[in-house]
2 protein chains.
Amino acid sequence: MRISDLSGASGVAVPTVKYYLREGLLPAGEATAVNQARYNEQHLRRLRLIRALTEIGGLSLRSVKAVLDAIDDDRLPLHELLGVAQYALEAPVDEPSPEIDGAVEALLRDLGWRVDPDAPARRTLGRAMATLQELGRDVSPATLARYADAVDALAASEVASVPKGKSRAESVEHVVVGTVLYEAVLDALRRLAQEHHSAERFRNEQP
Amino acid sequence: MRISDLSGASGVAVPTVKYYLREGLLPAGEATAVNQARYNEQHLRRLRLIRALTEIGGLSLRSVKAVLDAIDDDRLPLHELLGVAQYALEAPVDEPSPEIDGAVEALLRDLGWRVDPDAPARRTLGRAMATLQELGRDVSPATLARYADAVDALAASEVASVPKGKSRAESVEHVVVGTVLYEAVLDALRRLAQEHHSAERFRNEQP
């Protein structure tokens with residue numbers, strides 16, 4: 001297909017497609033004339049992935065590039081590759097205090113989760129816990145464990161859904177898309193559930 | 001306390017505090033001299049809230065202002081007030097197709113959740129579902145219901161944790177902080193759980 005068809009099918013404007021081509025986010029098409037190229041399903045798939053990562057995941061183009069580079073790099077073992085891609089999804093966060101670090105470590109130990117000491121989600125969790133604590137909110141191990149239990153089985157089935165016998169690139173793409181998009185699903189459903197339960201509880205309260 | 005003490009206690013730089021004062025995000029202090037004012041615990045609490053919303057919640061200052069205005073507006077019934085504040089937290093999203101809209105509606109009906117037709121989380125959910133579908137991923141009612149079940153009890157206990165006998169402003173603040181910060185906790189824990197389960201499953205796969 002031509003660049004205009006690619007734009008139409010992906011919903012990404014032509015100038016943006018050209019920008020992605022220049023920045024190396026999208027591989028060049030097959031040249032068919034001096035100023036024309038042909039694109040295929042792979043290009044379309046990659047464009048939809050970029051759109052998903054930026055629009056739904058809220059990733060910067062720099063983070064998208066890091067994820068795509070991880071997908072295209074076939075030297076790393078699969079587990080590390082999935083880790084690189086997943087870590088690129090996390091926004092950088094200040095290092096939490098040793099106390100909070102210890103609380104995160106204790107929680108992970110209680111849960112029996114083995115997680116790299118440099119996993120960025122540890123910091124994200126620690127930062128949120130520190131702020132909740134500053135604001136006088138509940139960050140007791142029992143409360144945190146309830147949140148952990150809510151996602152444990154989901155995460156296990158998400159990992160189990162990574163298709164077997166696919167290319168490593170496809171596996172990474174599966175994990176990255178799943179991490180970002182099902183997070184959006186999970187967060188939206190939580191807000192809808194909050195609205196439902198809030199209406200049940202507060203509907204009849206006086207102004 | 002003086003502005004420098006307020007800055008030190010909140011971790012927000014003095015020029016930023018002054019900016020918030022100018023923009024009306026933070027109420028003025030009590031004037032003690034021509035160019036000096038005294039601030040109290042309320043100011044500190046509000047500053048920590050602004051910091052939580054921007055740094056952890058990723059909210060724009062415009063969205064923060066909408067949330068703070070909802071907190072300070074004491075004319076709305078509590079349920080609507082909580083809705084306004086929670087809706088301000090949601091990033092604007094394009095309207096999904098009628099098919100996706102119908103799928104969201106059917107899901108909510110199956111769950112028995114009563115949610116306003118204009119709830120922005122409906123669109124966020126629909127947009128994520130549409131993208132997952134485009135990318136060939138599972139958005140079957142059974143899968144979505146598993147995500148919904150994972151957050152249903154959490155959301156109910158989050159709503160139940162809104163303290164009774166507090167001012168309406170404090171109730172809104174409780175909901176807003178809880179929505180944003182426990183979302184960060186939930187998402188970070190999901191990623192940590194994914195890493196754990198991914199390591200268990202893929203550690204020994206060949207490169």
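Let me start with one pair of residues: the side chains of Arg191(B) and Glu90(A) meet in a salt bridge, with 3.0 Å from N to O. Arg191(B) lies in helix 9 of chain B, and Glu90(A) lies in the loop between helix 5 and helix 6 of chain A, so this pair joins two chains. Please keep in mind that this is a predicted model.

Are these two residues buried or exposed? Arg191(B) has a relative accessible area of 9%, so it counts as buried, the cut-off being under 20%. Glu90(A), at 14%, is buried as well.

Glu90(B) forms a salt bridge with Arg191(A), and the closest N and O atoms are 3.0 Å apart. This pair also crosses between chains, running from the loop between helix 5 and helix 6 of chain B to helix 9 of chain A. Glu90(B) is buried, with 14% relative accessibility, and Arg191(A) is buried at 9%. There is also a network: salt bridges with shared partners join Glu90(A), Glu183(A) and Arg191(B).

The side chains of Glu158(A) and Arg190(B) meet at 3.1 Å, N to O. Glu158(A) is in helix 8 of chain A and Arg190(B) is in helix 9 of chain B, so here too the pair joins two chains. Glu158(A) is buried at 10% relative accessibility, and for Arg190(B) the value is 0%.

What else does Arg191(A) touch, leaving aside its neighbours within four places in sequence? Its contacts are Gln86(B), Leu89(B), Glu90(B), Ala121(B), Thr179(B) and Glu183(B). One of these, Leu89(B), lies in the loop between helix 5 and helix 6 of chain B. Leu89(B) is buried, with a relative accessible area of 8%. Apart from Arg191(A), Leu89(B) has contacts within chain B, including Leu53(B), Leu59(B) and Val67(B). The C-alpha atoms of Leu89(B) and Ser63(B) are separated by 6.8 Å, although the two residues are 26 places apart along the chain.

Now the whole interface. How many residues of chain A are in contact with chain B? The count is 82, and they meet 82 residues of chain B. The area buried between the two chains is about 8,500 Å², and carbon and sulfur atoms give 62% of that. Tyr147(A), Tyr182(A) and Arg191(A) supply 9% of the area that chain A buries against chain B, more than any other three residues.

Several helices of chain A give two or more residues to the side that touches chain B, among them helix 3, helix 5 and helix 8. Helix 9 gives the most, with 28 residues. By class, that side of chain A has 42 nonpolar, 13 polar and 27 charged residues.

Last, helix 9 of chain A itself. This helix has 35 residues and reaches 50 Å from its first C-alpha to its last, close to the 51 Å expected. Why describe helix 9 of chain A as largely enclosed by the rest of the structure? Because 31 of its 35 residues are buried.

Terms used: Residues numbered from 1 in each chain as written. Chains lettered and ligands numbered in written order. Predicted model: local features only at pLDDT ≥ 70, side-chain atom pairs only at ≥ 80, totals over all residues. Heavy atoms only, no water. Helix = DSSP H or I, 4+ residues; strand = E, 2+ residues; numbered from the N terminus. Expected span 1.5 Å × (residues − 1). Buried < 20%, exposed > 50% of the residue type's maximum accessible area, 1.4 Å probe, protein only. Contact = heavy atoms within 4.5 Å. Buried area = accessible area lost by both parts, 1.4 Å probe. Nonpolar A, V, L, I, M, F, W, Y, C, P; charged D, E, K, R; others polar. Salt bridge = Lys/Arg side-chain N within 4 Å of Asp/Glu carboxyl O.
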